[in-house]
Amino acid sequence: MEEHVMQGAELQSMLKSNVNFVGLGGVDDETLHLSEEEMKWWRDAKFGLFVHWGVYATIGKGEWVYFNDKISPEEYHRIAMEEFRPNRSAQEITDEWLSAARDAGMKYAVMVTRHHDGFAMWDSEHSWQGFTSANYGPKADYVDAFTQSCRRYGLYTGLYYSPMDWRFPGYFDPQGEPESAQCMKEQAYGQLRELCTNYGEVKIMWYDGGWLAHNGSDGDAAWLWEPLKMNHMIRDLQPGILTTPRSGYKGDFQCDEGPREVVGAIVPIPWEKNMTISTAWGYRPNDRYWNSFDLIQMMANVICRDGNFLLNVGPDANGCFPDEAKQALGEVGEWLRENGEAVYGTRAGIWQPVDRVYGSTQKGSTVYLHVWDCAAFAECVLPNVTGKIVRVERLTGKEISFRQDENGVKVYLPEELAADRRPDTVLRIRMDK
Ligand code: GLC
């Protein structure tokens, strides 16, 4: 019998959640599938940094500015040469990113190595027209600096790569301009090979924009990219590397992109919420930023639905993290230093989340309740569970009274907790097994 692959509306309905996965419907090859063991480090890590930084940061209108503002290639090259000149060394820049990420409690980081504008942030031999940070303004290899910083600060290394490139007419009209499309494809294979060969271990290839002419799905463009061949190539170079679905291959985890609130049931497949801490992925001055309260709540909502949280920062022209981002990340880090045991290494818990009220995670015989609205929670009786609850306590060890019977589980929040407005109040529940 032919394998039935759920996609589109059918999968969305099965998910019973409002997550909106980009890049569904990719082509598949079982020999590319990773085992649970190979995915484990990523599922345990939970929280990662995404960085969008490139020539566009000097313009300050987001990472799509080349396309949106119809900047001419000559002008964009001029900006890359004359204006994209950070006042610090590559290593200083990426050390700042990765030390901030470590202090925020992030366990992996994904850097944009080349966005759709075609500018490679490393010394790339296969870059069409040699459009690289090594040849232009900065005269630096940022992928080299970034991967070194990841190792220095103990985060797993991920690289974002966009196979598509606006500089090629073949991107917009692959049938009418087949040679140009072929040239773009060769650049992608050559550059992916460089990224997976020259910088030590890479754990994630975060593909983006596999579609053609900004149209259709990533899977629709598989005839051009041959994503199975592409991913076999990178797997040969980096065994166990995880991929997003956006090369047109179905990938190892799904992506829910954007700041939309996450509600609904636990999502039964590996997934990642990726969003930016301001309103644009690439830097924009005077942008609005998320505060730590909302970020912590978003993260808790994601992990209680078994997802990972990839949070983007767009550094400014000099590669600096904006102050608002630094402050919010610092506060998230403080929260994680106290509550990290309810996050890292956990899986979605035995209780389905109740939107905006509570959710749960678990590790072995310990369950963590994440309460987002203590007043509403005080009214709730949780559905009963099969195991026997031995003790309910705060992470400090302070005991909390509860009752478990055939009607369910009632947790009696102490006054001081019920009155407090925190982003996520964590309770530890010890089960007998
Ligand atoms: C969207 C944007 C792109 C950004 C990506 C990050 O695809 O178009 O600019 O890099 O999201 O997930």
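Student: Which element gives the largest share of the lining of the second largest pocket?

Tutor: Let's set the ground rules before we get there. This is a predicted model, where local features need pLDDT of at least 70 and side-chain atom pairs count only at pLDDT 80 or more, while totals for chains, interfaces and linings use all residues. Residues are numbered from 1 along each chain as its sequence is written, and side-chain values use heavy atoms, with hydrogens and water left out.

Now, a pocket is an open set of points on a 1 Å grid over the protein atoms alone, with protein on both sides within 12 Å along at least five of seven lines; lining residues have an atom within 4 Å of a point. Your answer is α12, with four residues. Helices are DSSP runs of H or I, at least four residues, numbered from the N terminus.

Student: What lines the second largest pocket?

Tutor: The lining has 17 residues, with Q297, N301, R356, W372 and R421 nearest the centre. Two elements, α12 (292-303) and α14 (374-378), each give two or more residues to it. At least three lining residues come from each of domain 1 (8-342) and domain 2 (349-431), with bounds from an automatic or database domain assignment. The space is about 300 Å³, a volume being what probe spheres set on the points fill, with points joined across faces, edges and corners.

Student: How many cavities of 30 Å³ or more does a search of the whole structure find?

Tutor: A cavity is a set of points where a 1.4 Å probe fits but cannot get out. Here the search finds one, and the volume of the largest cavity is about 40 Å³. Among its lining residues are I277, Y283, R284, D287 and V313.

Student: Which residues surround the ligand?

Tutor: A residue counts as near a molecule if one of its heavy atoms lies within 4 Å of it. The ligand has F50, H52, E63, W64, H115, Y160, W206, D208, R246, E257, N274 and W281 around it.

Student: Where do polar side-chain atoms of E63, H115 and D208 lie relative to the ligand?

Tutor: A polar contact is a pair of N or O atoms within 3.5 Å. A polar side-chain atom of E63 is 2.5 Å from a ligand oxygen, one of H115 is 2.8 Å from a ligand oxygen, and one of D208 is 3.4 Å from a ligand oxygen. As for cover, the protein takes up 92% of the 310 Å² of accessible area that the ligand has on its own, computed by the Shrake-Rupley method with a 1.4 Å probe.

Conventions
A polar contact is a pair of N or O atoms within 3.5 Å; within protein, one must be able to donate a hydrogen and the other to accept it, and residues adjacent in sequence count only if both atoms are side-chain atoms.
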